[in-house]
Amino acid sequence: MLTVMLVDDEINVIEGLKVSIDWEKHGFGIICTAANGEDGYYMAMEHKPDLIITDITMPRMDGFGMAEKIREKLPESNIIFLTCHEDFNFARKAVNLSADEYLIKDTMTREEIYSALAKIKTGIEERKLKKKKANELSVELNRNRCQLSEILINELLKKGKIDTNSFERRLSIYNYNLSKQKYIPALLTLDRYIGLINGDLFNNDTELIRFAVLNIVEEILKKYDIGEVFPSGENEYIIIFNYTPNLKISIDEKITAVSKEIQSCISEVIKATCTIYMGIQVGSMQEIKRAYEEMLILKNYRFYMQDGLILYNSKREFNFSNIDFNYMNDLIKEFDHYLGDLNIELLAHLEYVFFEKVKRENVFAADVKIVIERLVNSLGKSVEKSGFMYRQVIQDSWVKQLFNIDNVNELNEAFHRHLSATVDVLKKNASYTCTPEMRKILKYISEHLQEDISLETIAAHVNMNSSYFSRYFKSKTGGNFIDFLTGVRIQKAKELLLETELTIEEIAMKVGHVNKAYFTKVFKKVTGFNPGEFRKKRCS
C-alpha cells in the first residue's frame, strides 16, 4: 500500500479528506498529518511518504517552501497542491516544482481526487518497474562483464604471447584502463573462504561474495587511479597495479597503503581477512605473465603463515620439500585400516602426525593437498560401501573447495571436521544395518525408491504391524520412518541433480514423487533451495 501525508493548517480539511475518501480501496493509506509546512517537512523526512497532499498558504512555511525542501531530499515523492485561489501564478509555481496535481479546494470533487490518485499510483508503479528492470539489467551487465573480464585476464596470464593492440582494445570495451608505463601484478584471496561461503552472511552465494570483493577493490583502485582488478577463478582476484613512475612518490609505499586500505574495507564489509600476494614491477603487458608466475611461489610461503598478510616476492630463502611417495602410500594403508575399525582416536592421531610432519618439513602445499584428497576419497568410498543413506557427508563440493584453502592450519581443521563427520555417519550406518530386519528394510527402500513406499507397505515386508514397526524403526535410527524416507529421497535427488542431465521432473519420478510441484516444495523445505537453484549453485 502507498503512503500519504496530509498537510493543512485547517483541521477540518484534513479530517474531511480522511473520512470522505476511500483511501484503502485505491491502494493508499494515510501515514501522518501536519498543520504547517515546517512540521510537514520534518514528518516527510521521518516517514518518507509516497504522496504528499498539501495546502499552499500556511503559517511558518508555505506549501511551496516545504515542497522545495522535500524535493531536495526525496525527489521521487509525489505532490498534490490544494489551494482556495484559482490563480495562474500559483499554478505556474506548482508546475515548476513538478507537482503531480493542482486542485482547487472549493470546487474539487471525489472523482477529481480519485483520478489524481489513479494517475499517481500508475506513475509510481511504472517508475518501480523501470527501476527493477534497470537493476536487473545492471546486474546482468555486471555479470557479463565479470565473465568476459575473467576470460581476458586468464588469456593474459596463461597464453604464451598476446596481441597487445587487440588486448588493449578489448580492455577499453570493458571499461578497463592499463595505459601507464609500469605494472605490478598482485593476487588477492579471501582467508577462511570455505567458512565464509557457508556462513550466515553469504549462505553459499559465491556470486555475491565475488561482486562485493570486486566492487570494493575497484572503488579503491579508481580512487587512487592506480590499476584495475579482474576475477580469476573462485576466490582469486588479479590486481594489476598500473602507474607512471614519479620521483616524488615512493610507489612501493603507495601500493602498500592502497593494499592495506583494501584489506581494511574487505574486513569491514565482508567480515573476512584477505591475503595479497605482490609480484615484481615490469615494463610491458607481455612481461606480466612471467611476473605473475614468479609471484605464485608465494603461495607456498602463505601455506605456513598467518591470515591477512601482504606477501612480497623477496629474495628470502625458504626450503620446501616434496612428500615421499612411499610414505604417502603407507599412510593411506594405515588410514584405511583404522577406518575399517571406525577408530576415531587412531585416525585423529594419524592425522595429527601427518600435519606435524608437513609443518616441520615445509612440504609443498600442492603435495599436502594431494595426500588430503586421497584420504578424502578413502572416506568417500567407505561411506559408499556402508550404505546408501549418506553418500554426501558434508557439502557436495568439498573436494573442489579443498583447493581454495591456502593455509595449513585451516586445511587441518577442515579435514578434521570432515573426518569426524564421516566416522559419525559410518557408525550410524553400521547401527542401521546391525539387525537382519534393518538390512531388509534398507534394501527394500533402495530397490523401491521410485515407488510409493508407505509405512504399512514396509511393515508388511518385514512381517510387523505398522505400530510395532514404527517403534522399532525409531529405536534403531532415532527418528520416524517418514522423515527418514524423505531424507533418503532428497539425498538421492541431490546426487541425480549433480551427476546427471535428467530433468527435474524425471528426477522427481526416480525418487518416488509423481507430482513435480510437490517434490519441489519438499526439496526446498529440506535444502533451502528449489531443485533448479541447487543444481545451478553446486555446479557453478
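## Close-up views of a predicted model

**View 1. Strands S6 and S8 in a predicted model.** Strand S6, residues 182–190, and strand S8, residues 237–243, run antiparallel and are joined by seven bridges. Within this pairing, Lys-182 has Tyr-243 of S8 standing opposite. The coordinates shown here and in the views that follow belong to a predicted model.

**View 2. The open sheet with mixed pairing.** Strands S6 and S8 belong to an open sheet of five strands, whose order is S7-S8-S6-S9-S10 and whose pairing is mixed. At the edges stand strand S7 (227–231) and strand S10 (310–312), and because each of these has a single partner strand, one side of each is left without a neighbour in the sheet. From one strand to the next, the twist averages 20°. Helix H8, made of residues 206–224, lies across S6, S7 and S8, and runs at about 170° to S7.

**View 3. The surroundings of Val-258.** Val-258 has its place in helix H9, which spans residues 251–270. The relative accessibility of Val-258 is 2%, and this residue therefore counts as buried. When residues up to four places away in sequence are not counted, Val-258 touches Ile-220, Leu-221, Tyr-224, Ile-226 and Phe-241. Of these, Ile-226 is 32 residues apart from Val-258 along the chain, while the C-alpha atoms of the two are separated by 8.9 Å.

**View 4. The open sheet with parallel pairing.** Another part of the chain forms an open sheet of five strands in the order S2-S1-S3-S4-S5, with parallel pairing. Strand S2 (28–34) and strand S5 (101–104) stand at the edges of this sheet, each with a single partner strand, so that one side of each is left without a neighbour in the sheet. On average, and with direction ignored, neighbouring strands are turned by 20° against each other. Strand S3 (residues 51–55) and strand S4 (residues 78–83) run parallel and are joined by five bridges, and Ile-52 stands opposite Ile-79 in S4.

**View 5. Strand S1 and its cover.** Six bridges join S1 to S2, and the two strands run parallel; Val-7 has Ala-34 as its bridge partner in S2. Six of the six residues of S1 are buried, which means that this strand is largely enclosed by the rest of the structure. Helix H2 (residues 37–47) lies across strand S1 (2–7) and S2, and runs at about 135° to S2.

View 6. In soluble globular proteins, nonpolar side chains tend to be buried together. The largest nonpolar core of this model holds 59 residues, of which Phe-335, Phe-354, Val-368, Ile-372 and Phe-415 touch the most other members. Helix H14 (residues 365–386) contributes the largest share of this core, with eight residues.

**View 7. A stretch to be read with caution.** Although the chain averages a pLDDT of 85, with 89% of the residues scoring at least 70, the pLDDT stays under 50 over residues 390–396. For this stretch, the model has 26 contacts beyond four places in sequence. Where pLDDT is low, the predicted coordinates should not be read in detail.

Key. Residues numbered from 1 in each chain as written. Predicted model: local features only at pLDDT ≥ 70, side-chain atom pairs only at ≥ 80, totals over all residues. Heavy atoms only, no water. pLDDT = per-residue confidence, 0-100. Contact = heavy atoms within 4.5 Å. Core = buried A, V, L, I, M, F, W, Y, C linked by side-chain atoms within 4.5 Å. Buried < 20%, exposed > 50% of the residue type's maximum accessible area, 1.4 Å probe, protein only. Helix = DSSP H or I, 4+ residues; strand = E, 2+ residues; numbered from the N terminus. Pairing = 2+ DSSP bridges. Axes fitted to C-alpha atoms, helices over the stretch in contact; angles between N-to-C directions.
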